[in-house]
Amino acid sequence: MSVENAPVVDVDEAAIPVEKKMYYRFESNDKKEFRVSELAIQQSETLNRLVEAMGYTSEDVENKPAIAIENIDGKTLKLVFQWCEHHKGEAIPVDDGSVPKIVEIPEFDAKLMDIDNGLLFKLIWAADYLNIVQLLNVSCKKVANMAQGKTPAQLRRVYLLPSDEEDEAAKRAAQEAQDPRAREVEEEFEERKRQGGNSFF
Amino acid sequence: MPDLVMRKILEDCDFCTVLVVRKVCRALRDFIDNSFINSSLKRVHIDISIQSIILKVTFSNGGKKYKFKRIQYQHKYEDDCKMEISMNDGSGRTSKEILFENTSFVQLFCDDLERILRANDSIFENISVNFRGGPRKVFKVVVKEECSKIYGIFEKVFCLKNRRKTIRVIEYDYTETMTKVMEAMERSLMYRKLKVASFHMYPVPRDIQFMNIVNNIDATCLKKLEVNGLQDVILKNGVHLGTEIIEERIKWENMKFFCLWPFITSIPVQKLAHIPIVKIKYETISAEDILYLKEVVINSPATYRFTIGSKTKIDVNFLIKVLGPLSKQFYVGPFIWCFEIPGTRKIKVITCNQTSNWLVFTIEPRYKYRSYVVY
């Protein structure tokens, strides 16, 4: 029998069971709510385990309060979930311990991480906290690329880090603030030095 | 930032960037020095001479590709140090020069070496140290003052001479340089063992203490250890190595090549018999050691070569008493004992070189020595 002559059977589409996509609701520490697909959540080992342990049905997801993520703010969480939605269904890489690691930053990720340093570090911290392996890989690579070819002074400016001298001065200041007697002794020593004495005693 | 993340970022950086990051602040320096960071650094070659030290570091570039950096630390006029850096990153070679005023080239090198060894926790494929200079008493070195490019042009036009001076480097100064390098290596190993597959030093002068470095190499990684001394100096004075730590604690399970020559040691042959290629020297060779090695050869891999030297002269009559009658004595050359290994096509051969005072235990193909076998 040819294909043209095959009997046509009407299919009732409503009768086919369609698996409904489940969207979980999460809340950041500044009370911003996000709806994230089940597939996207699989990118985060921490969140995946959490929702599995909770065993929510689609009704629970709608009726119960949003799952609170206390340590991450809304701005960072938005980036995290944007990344998870874009990469949903992708395999999670396994660390084989090889060095140097070959990590390529896709265009979407590069655009997503085109943010100020403060937010980028928050994003890395969140990726580590939520255990999103590939996001952590690309974000760490981004920071490593930022350091490439820079001098120590430039790195201090980029990462807002103190130099050894500034670090020591800050430590001394903190110590002095704690112990006023130490400051008095220091001042007395400086005074004696100005007067020409070589030794404190 | 959590430690794991910091580690991940640093492992994504190339090794030179890690060294730059280390200079940023105390916290980063402490983190890099005290944590275990795998790097792409694979080989380190050090070439020490009277006037300069060359450091060549090779990095893995992913896959089988390698890129290298060669840094030459040179003594210059008025105690300055010139650093010549050349790099090949696979796409081409670049080079630059930096002059450090009133800086010792040895100190600058030692600081860099210490940083490199301390900041790395991955397994090096190879580390080699080459001592140049030989057993001379005084070296004359001509050092040239660095001049500007304009001066350099006029030098050619008007035949002007660059300022030069000849400095005399006595043996003590050169020994001190080498000692400083060894101390820098030792300091870098204070916190962790050196993970290296192949470690090579040659020709090691008499006064150089290297056993602390050998003792601090991770024994599980080490496959090849080769330390060759200056033959003439050592033969005259018979330098004994303190190998107590090796004898008591170190187990080389993966070692394939072992050579401590011609230093005199007391490492028991039993400890080394499992290694396919060995070259070692003792004060005297005992009959027990000879018989033990003769038996070990039968069960050893095909490429077996155990060379055992003696400070005292080897008596052939003593060997005949221990091993039985000679299989072959060449008109000029070594004495040979051959023993058939039953059920194989191999023959174990013991060669005695009386002029050099060593015995070699090897396995050879049957066809080469068949006629010598004593049945």
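User: Where is the place of A:Glu184 in chain A?

Analyst: A:Glu184 lies in helix 10 of chain A, which spans residues 180-194. Helices here are DSSP runs of H or I with at least four residues, strands are runs of E with at least two, and both are numbered from the N terminus. The model is predicted, with local features requiring pLDDT of at least 70 and side-chain atom pairs counting only at pLDDT 80 or more, whereas totals for chains, interfaces and linings use all residues. Residues are numbered from 1 along each chain as its sequence is written, chains are lettered from A and ligands numbered from 1 in the order in which they are written, and side-chain values use heavy atoms, with hydrogens and water left out.

User: Why is A:Glu184 called partly exposed?

Analyst: Buried means under 20% relative accessible area, exposed means over 50%, and partly exposed lies in between (1.4 Å probe, protein chains only). A:Glu184 has a relative accessible area of 43%, and is therefore partly exposed. From C-alpha to C-alpha, A:Glu184 is 46 Å from A:Tyr129, although 55 residues separate the two in sequence.

User: What makes A:Asp73 buried or exposed?

Analyst: The relative accessible area of A:Asp73 is 18%, so this residue counts as buried. A:Asp73 sits in the loop between strand 3 (67-68) and helix 4 of chain A. Leaving aside residues up to four places away in sequence, A:Asp73 touches A:Ser28, A:Asn29, A:Asp30 and A:Lys122, where contact means heavy atoms within 4.5 Å.

User: Which residues make the contact of helix 4 of chain A with helix 6 of chain A, and at what angle do the axes cross?

Analyst: The axes of helix 4 (residues 74-86) and helix 6 (residues 117-129) of chain A come within 9 Å and cross at roughly 65°. Helix 4 contributes A:Lys75, A:Thr76, A:Leu79 and A:Val80, while helix 6 contributes A:Leu119, A:Lys122, A:Leu123 and A:Ala126. Axes are lines fitted to C-alpha atoms, for helices over the stretch in contact, and angles run from 0 to 180 degrees between N-to-C directions.

User: What is the division of the residues in this contact of helix 4 with helix 6 of chain A?

Analyst: There are 5 nonpolar, 1 polar and 2 charged residues. Ala, Val, Leu, Ile, Met, Phe, Trp, Tyr, Cys and Pro count as nonpolar; Asp, Glu, Lys and Arg count as charged; the others, Gly among them, count as polar.

User: At what angle do helix 6 and helix 7 of chain A pack?

Analyst: Helix 6 and helix 7 (residues 133-147) of chain A pack at about 145°, with axes 9 Å apart. Among the residues that meet are A:Leu120 and A:Phe121 of helix 6, and A:Leu136 and A:Cys140 of helix 7. The residues of this contact comprise 10 nonpolar, 2 polar and 2 charged.

User: How many disulfides are there over all chains, and why is A:Cys84 in none?

Analyst: A disulfide requires a pair of cysteine sulfur atoms within 2.5 Å. The nearest cysteine sulfur to A:Cys84 is that of A:Cys140, 15 Å away, and A:Cys84 is in no disulfide. For B:Cys259, likewise in no disulfide, the nearest is that of B:Cys352, at 19 Å. A:Cys84 has 2% relative accessibility and so counts as buried; B:Cys259, at 4%, is therefore buried too.

User: What makes B:Glu176 buried, partly exposed or exposed?

Analyst: B:Glu176 has 33% relative accessibility and therefore counts as partly exposed. Its place is in helix 6 (residues 171-188) of chain B.
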